[in-house]
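Biologist: Walk me through how to read this fold, feature by feature. Please give the general idea before each case.

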Amino acid sequence: MPLIDRLATIYRQTFGDFPAHIVRAPGRVNLLGEHVDYNDGFVLPAAIDRATYIAFSPTNASHSTLLAVDFDQRASFSPASVRTKTQADSSPLPDWSLYPAGVMWALMEAGLSVPSMNAVFASDVPRGAGLSSSASVEMAFLLAWQTLGGWTLPPMQRALLGQKAENQYVGVNCGIMDQFASACGVEDRLLLLDCRSLEWKTIPLPKDVSIVIADTSVRRKLTSGEYNQRRAACEAAVRLLQQDLPHIQALRDISVEEFNRLAGKLPPEVRRRARHVVEEIERTRQAEALLEAGNIREFGRLMNECHVSLRDLYEVSCPELNAMVDIAQSLEGCYGARFTGAGFGGCTVNLVASEKAHEFSQALAERYEAETSLHPEIYISHASSGAALLK
Ligand code: NG1
């Protein structure tokens, strides 16, 4: 049964009626610009055809009651209880509910009304796989409260509130890329975002090129610590480089030439981290013209370079991601392959000639399984539209 129908059925069994509304908010895949959103860089994600769905109705109760189908758990919270991260009965909020509760908190901080709702939700975005399942949950709940709250925010404003929820309520110091892609996705287009000015444009992907997502089935562990350490290394690099370049505010402000001239002043680890960021931002600058010209071969080469840089300089890859990328790059029809998202597990993204995409997916799965004894999930994805009210 399709996920939406299942949710409506479960809603009826749980709350005794059909849901008034259904929203959808997608996950995302990032093609280039990895670990640069928090360095004011440029990113090139696309919303994907996997998403979080919520079936919901307003209620007169003083608290919202949410059923998370994927966890088979319920949580109830009110505007007062979210401030103490507790449920209506004073017990602590379960981990999964921190995302919707964080959204409620961020909306209250912005002075927006958050009427109580009964909701049932589920997602087919794999968790911890680098496809932004958390942003899709945040963007779905933002839209649900917008539907009930009598206010309207443009998608980028919703993305910023989702990021605030994740940074300040959940406690992950992420950049804006994931929430942006989930809120602003456009069918069949890649999204090029300037993470400093928040200006963005869309770029088409040629019709004869497919985005293939390959899930290693390895789930990342202990990443928020590693993620925050990488952020700290970037901030340390900026502070040290400011001694010679007082005008810089972020690694975005340094050219590759300037960096090469001054790199010797940085301690080795900080130097490797910063080099990845400076060169990756340069790659995304080049990508725009290449994609506009339809030069997928060169763009794919930049994706391959990005993987090497994430593996050797930023040191956020893992053996399974490297195996998946190495195999992909050796297969016919593959323009470029790299891992996507924060790293340490999860998915790779591959640009493949559409006529070869099925063969490619099959060969990739077989060879990866033979090499690692792990069973991967591989699917041909396409760029989808952003969060929307379906009913
Ligand atoms: P994922 O892989 O979705 O956790 C994380 C950050 C992004 C970005 C990428 C690396 C979160 C929620 N998001 O993405 O902001 O920095 O890593 O490019 O942590």
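Modeller: Start with pairing: two strands pair if DSSP finds at least two bridges between them. Helices (H or I, at least four residues) and strands (E, at least two) are DSSP runs, numbered from the N terminus. In strand S8, the bridge partner of Leu192 is Lys201. The model is predicted, so local features need pLDDT of at least 70 and side-chain atom pairs count only at pLDDT 80 or more, while totals for chains, interfaces and linings use all residues. Residues are numbered from 1 along each chain as its sequence is written, and side-chain values use heavy atoms, with hydrogens and water left out.

Biologist: How many bridges hold S7 and S8 together?

Modeller: Strand S7 (residues 189–194) and S8 are joined by 5 bridges, in the antiparallel sense. They belong to an open sheet of 3 strands, ordered S2-S7-S8, with antiparallel pairing. Its edge strands are S2 (42–43) and S8 (200–204), each pairing on one side only.

Biologist: Which helices lie across that sheet?

Modeller: Two terms come before the case. Contact means heavy atoms within 4.5 Å. Axes are lines fitted to C-alpha atoms, for helices over the stretch in contact, and angles run from 0 to 180 degrees between N-to-C directions. Helix H6 (residues 177–184) lies across S2, S7 and S8, at about 135 degrees to S7. Helix H9 (residues 268–292) also lies across S2, S7 and S8, and runs at about 50 degrees to S8.

Biologist: What is the strand order in the sheet of 6 strands?

Modeller: That open sheet reads S5-S4-S6-S3-S1-S13, with mixed pairing. S5 (73–77) and S13 are the edges; each has a single partner strand, so one side of each lacks a neighbour in the sheet. At one end, strand S4 (residues 64–68) pairs with S5 in the antiparallel sense over 5 bridges. Ser64 has Phe77 in S5 as its bridge partner. Helix H1 (residues 3–15) lies across S1, S3, S4, S5 and strand S6 (117–123), at about 145 degrees to S6.

Biologist: Is strand S1 largely enclosed or left open by the rest of the structure?

Modeller: Burial first: buried means under 20% relative accessible area, exposed over 50%, partly exposed in between (1.4 Å probe, protein chains only). In strand S1 (residues 21–30), 9 of the 10 residues are buried, so the strand is largely enclosed by the rest of the structure. S1 runs antiparallel to strand S3 (residues 45–58), with 9 bridges between them. Asn30 is partnered with Pro45 in S3. S1 also runs antiparallel to strand S13 (residues 388–389), through 2 bridges. There, Arg24 stands opposite Ala388.

Biologist: Now helix packing. At what angle do H3 and H5 pack?

Modeller: Angles under 35 degrees count as roughly parallel, over 145 as roughly antiparallel, 65 to 115 as roughly perpendicular and the rest as oblique. Helix H3 (residues 98–109) packs on helix H5 (residues 155–170) at about 110 degrees, with the axes 8 Å apart. That makes H3 roughly perpendicular to H5. For handedness, a crossing is left-handed if the near helix is turned anticlockwise from the far one by less than a right angle, and right-handed if clockwise. H3 and H5 cross in the right-handed sense.

Biologist: Which residue classes make up the contact of H3 with H5?

Modeller: Ala, Val, Leu, Ile, Met, Phe, Trp, Tyr, Cys and Pro count as nonpolar; Asp, Glu, Lys and Arg as charged; the others, Gly among them, as polar. The contact of H3 with H5 has 11 nonpolar, 2 polar and 3 charged residues.

Biologist: Where is Ser134, and what does it touch?

Modeller: Ser134 is in helix H4 (residues 133–149). Ser134 is buried, at a relative accessible area of 17%. Leaving aside neighbours within four places in sequence, Ser134 contacts Tyr99 and Glu166.

Biologist: How do H11 and H12 cross?

Modeller: Helix H11 (residues 319–330) and helix H12 (residues 357–372) pack at about 140 degrees, with axes 10 Å apart. They are therefore oblique to each other. H11 passes H12 in a right-handed crossing. The residues of this contact divide into 7 nonpolar, 2 polar and 3 charged.

Biologist: What is the phi of Asp188?

Modeller: Asp188 has a phi near 60 degrees, a positive value in a residue other than glycine. Asp188 lies in the loop between H6 and S7. At 39% relative accessible area, Asp188 is partly exposed.
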